[in-house]
Amino acid sequence: MSLPPQHRLTEKRAFREIFEKPCVASDPFFKIMARLNGQNCSRLGLAVSRKVDRRAVQRNRLKRLVRESFRQQLAANPDMTAANYLVLPRPEAVTISHQEAFERLARLWNNVNRKLRPQDLSPTVKT
């Protein structure tokens, strides 16, 4: 399965906007940065540099893992916050198994989505 074009983040401007004022969730293996996009769908961007691993095979493996995790997250949470997400794998991510990567990414998706949701500012009324 491929990631549909409407869920891909490709514009340089969108990447720059995420870096300006991001909402971040991270662990020792991945960093997810996000920013609300004002659209009706979530979009994914990837930045996997040669610093992560000099071998293209490993960088491409990480990209496939992240895209699949994102697809699973969209399927599991249809009400996922409409935002632009940027995933930055760290060099340690090359060493973990697929299963562990999926578990860590799922946890990070939930964390960043929780941070993106606007807080209910209305006072609670006790009766």
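Predicted model: local features only at pLDDT ≥ 70, side-chain atom pairs only at ≥ 80, totals over all residues.
Side chains of opposite charge can pair when their charged atoms come close. In this model, the count of such salt bridges comes to seven, and three of them are followed here through the residues that form them.

One of these pairs Glu11 with Arg43, whose side chains meet with an N to O distance of 3.2 Å. Glu11 is partly exposed, its relative accessible area being 31%, whereas Arg43, with a value of 10%, is buried.

Another salt bridge brings together the side chains of Asp27 and Arg104, again with N to O given as 3.2 Å. This pair links distant parts of the chain, 77 residues apart: Asp27 lies in the loop between strand E1 (23-26) and strand E2 (30-36), and Arg104 lies in helix H3 (residues 98-116). Asp27 has a relative accessibility of 13% and counts as buried. Arg104 counts as buried too, at 19%, because the cut-off for that class is under 20% relative accessible area.

Arg104 has a further partner in Glu100, and here the closest N and O atoms are 3.1 Å apart. Both residues belong to helix H3, where a spacing of four residues separates them by about one helical turn. Glu100 is partly exposed, with a relative accessible area of 29%. Through shared partners, the salt bridges join Asp27, Glu100 and Arg104 into one network.

Helix H3 also takes part in a helix-helix contact. Two packed helices are described by the angle between their axes and the distance between the axes. For helix H2 (residues 56-76) and H3, the packing angle is about 50° and the axes are 10 Å apart. H2 is therefore oblique to H3, and the crossing in which H2 passes H3 is right-handed.

On the H2 side, the contact is made by Arg61, Leu65, Val66, Glu68, Ser69, Phe70, Gln72 and Gln73. These meet His98, Ala101, Phe102, Leu105, Ala106, Trp109 and Asn110 of H3. Sorted by class, the residues in this contact comprise eight nonpolar, five polar and two charged. Among the contributors from H2 are the charged residues Arg61 and Glu68.

Definitions and conventions. Residues numbered from 1 in each chain as written. Heavy atoms only, no water. Salt bridge = Lys/Arg side-chain N within 4 Å of Asp/Glu carboxyl O. Buried < 20%, exposed > 50% of the residue type's maximum accessible area, 1.4 Å probe, protein only. Helix = DSSP H or I, 4+ residues; strand = E, 2+ residues; numbered from the N terminus. Axes fitted to C-alpha atoms, helices over the stretch in contact; angles between N-to-C directions. Parallel < 35°, antiparallel > 145°, perpendicular 65-115°, else oblique. Left-handed = near helix turned anticlockwise from the far one by under 90°. Contact = heavy atoms within 4.5 Å.
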